[in-house]
Amino acid sequence: MISYLWIGEAYASPDTDSSKMVENINQGSIILFSQNYSEINNLPANVFIAKVQREKAYDKLYSSIYATQESELFFNNTSTGLKYNNVRDFPLIPCSLLPGMDTISCFGINEYLEHFRSTLDIFTFCECTSVPIIHYLEEPRQAGALYICNLTPMVKCAYEISMDINADDPQSFVELDSPGSRLIIRESEGQTILKSYYRDSSGVTKYEKVILGDASEKTNFKIIFDGYNKTNTIYAQDGNSIVTPFYNLDRQKLPYIDFSSGYIKFTAFILGEGTYLDVDIYDINQTTERKLVTAIGDSKMIPFGLDGPLPMNTTGEGIDYLNSKGYRGTMWFDKGMFEKSNDTYVEYLRNLVVNDSWEVGIHYTKELNSLPLEEAYRVMDEEYLYVSEKIGQKPTSWCCLRNRDNLTHAIYAYENLGMTWRNGDAAIHAERDVGNLYDDTWEWWEPASKAGISYPVFSHQLDLEPAIKYSISRSKFQNWVDNYESNNMTVVSFYEYNQISRNTYDASFENLQYNEKLVAFDAHTNGASALVNVNITAGNNTQVYDTTLEKSLDYETEQDESITFRVEDNHTYKIYI
């Protein structure tokens, strides 16, 4: 029987006089994600190989010359892990002529894209890695990358990975992209070597190298992600380590705290005379430091938004579909589009914000990169005030026409207007070409949404069938929403996703009391809610109570019997164990 009762509006609880004040000190590690692929015999639902388009002329030309690379993900009866196998047919031309063909192909690409060299980081990356640019540009189109989803966004966390690779050409390698990193792992002279690449303050691509172990043995290593200092630290099993800044220079220089994404990615590159590259993955674990009360990210959230406001008959059905499931998003309001909206539609948009918890963002009407800085800042200030007055709330995130903006604008927007950047490597551009959900990217998004990937994304129109360019068809959008619902995930605004994730660093807990019957604490957050885990052993009668709101709260019981629930800024909580 539950051992408390209501008396009028007062709450009578068990005797808690014996509780004492405690410090929220470290209590080891909390496991945020764990999959031991050696102990299962089928493919988990949270992994997928990206589908790729092969319809463009240069894709067909590349395949004709260099052959087609295919990827497969499977288990078999003798499997000891997740097997990511990649094979390549023999090329059209003799292997002895491939180096010459590389030179010719790369020369053509360099000449064609010469004017992009200062901004396209792929050039400096390929120069540093000695990988011919033709292969780095095209091979991912031929071989689908392996994504592992359902990891937890955190400002600080560790990834522990156990794997090995096997290839028939020492030039071949697997690229591992963990949050903020670009790592290349290959076998060389009997050793498994990892190189972590990054761009220094002048934009030059560099790397640090660590030997992971003997190539004939399983490789175990740890990556420590630090979104406050914006570094990744890689530890080999023998204790040797390297520390590198985040790969992307803009991401290094963002003026606010960063956090990890909800996935990691492996991509195989078969080079030289190679015909195969096999990757066996045995274990992946994500952990962070545990306290009595620990703020953690929410792996069940997918941030989404719309550029607009576009006409009601092109978005209204999709918005209603989201709202019907309790989902919400960000609306990046464009002054030019706003001016075309009638009063009824403006009121509808205000209701989305006030009643349905949609976030106010701003879509600047100009390509900011094309303007002198003073003019860009003037546009940013004026249109920020316009949207604030029209909707009645201040925008919290931003983008601009055709996403033609940069880090300088991002710093100004944050420091002067309090907004975070929708674009860049820390947001929709972490992956090439999929940050916009539209019919051309659906081939990637269909398996990704089924696997429950958490990746920030936006679109334009939602209701037409078929959709116009850069918009998603009605049936595909509803399929996308349904896939997340089936994964027990929630579509949310960028602001909500960002703030909960940053609360893994920002949130603090004071006035902690603890005994065998009670845990009590005051929560302080960055203004948004935080998701917290409390390290107790829950029982059948465990209750969570928000004393500020005078109401009981729902919670989830984890595998270790600890509990997880949402807290609000400056609220007090009591947990009756």
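What is the order of the strands in the open sheet of seven strands? The order is S5-S8-S17-S10-S11-S12-S13, and the pairing is antiparallel. Strands (E, at least two residues) and helices (H or I, at least four) are DSSP runs, numbered from the N terminus; two strands pair if DSSP finds at least two bridges between them. S5 and strand S13 (205–214) form the edges, each pairing on one side only. From one strand to the next, the twist averages 20°, with axes taken as lines fitted to C-alpha atoms and angles running from 0 to 180 degrees between N-to-C directions.

The model is predicted: local features need pLDDT of at least 70 and side-chain atom pairs count only at pLDDT 80 or more, while totals for chains, interfaces and linings use all residues. Residues are numbered from 1 along each chain as its sequence is written, and side-chain values use heavy atoms, with hydrogens and water left out.

Within the sheet, strands S10 (residues 173–177) and S17 (residues 263–269) are joined in the antiparallel sense over five bridges. Val174 stands opposite Ala268 in S17.

Helix H11 spans residues 442–450, and its buried residues include Trp442, Trp444 and Trp445. Buried means under 20% relative accessible area, exposed over 50%, and partly exposed in between (1.4 Å probe, protein chains only). The buried residues of H11 pack against strands S5 (47–49), S8 (146–149) and S25 (457–459) and helix H12 (474–486). Just after H11, Gly452 has a positive phi of about 75°.

Ile30 lies in strand S4 (residues 26–36) and counts as buried because its relative accessibility is 6%. Beyond its neighbours within four places in sequence, Ile30 is in contact (heavy atoms within 4.5 Å) with residues including Gln286, Arg290 and Asn533. The C-alpha atoms of Ile30 and Gln286 are separated by 8.6 Å, although the two residues are 256 residues apart along the chain.
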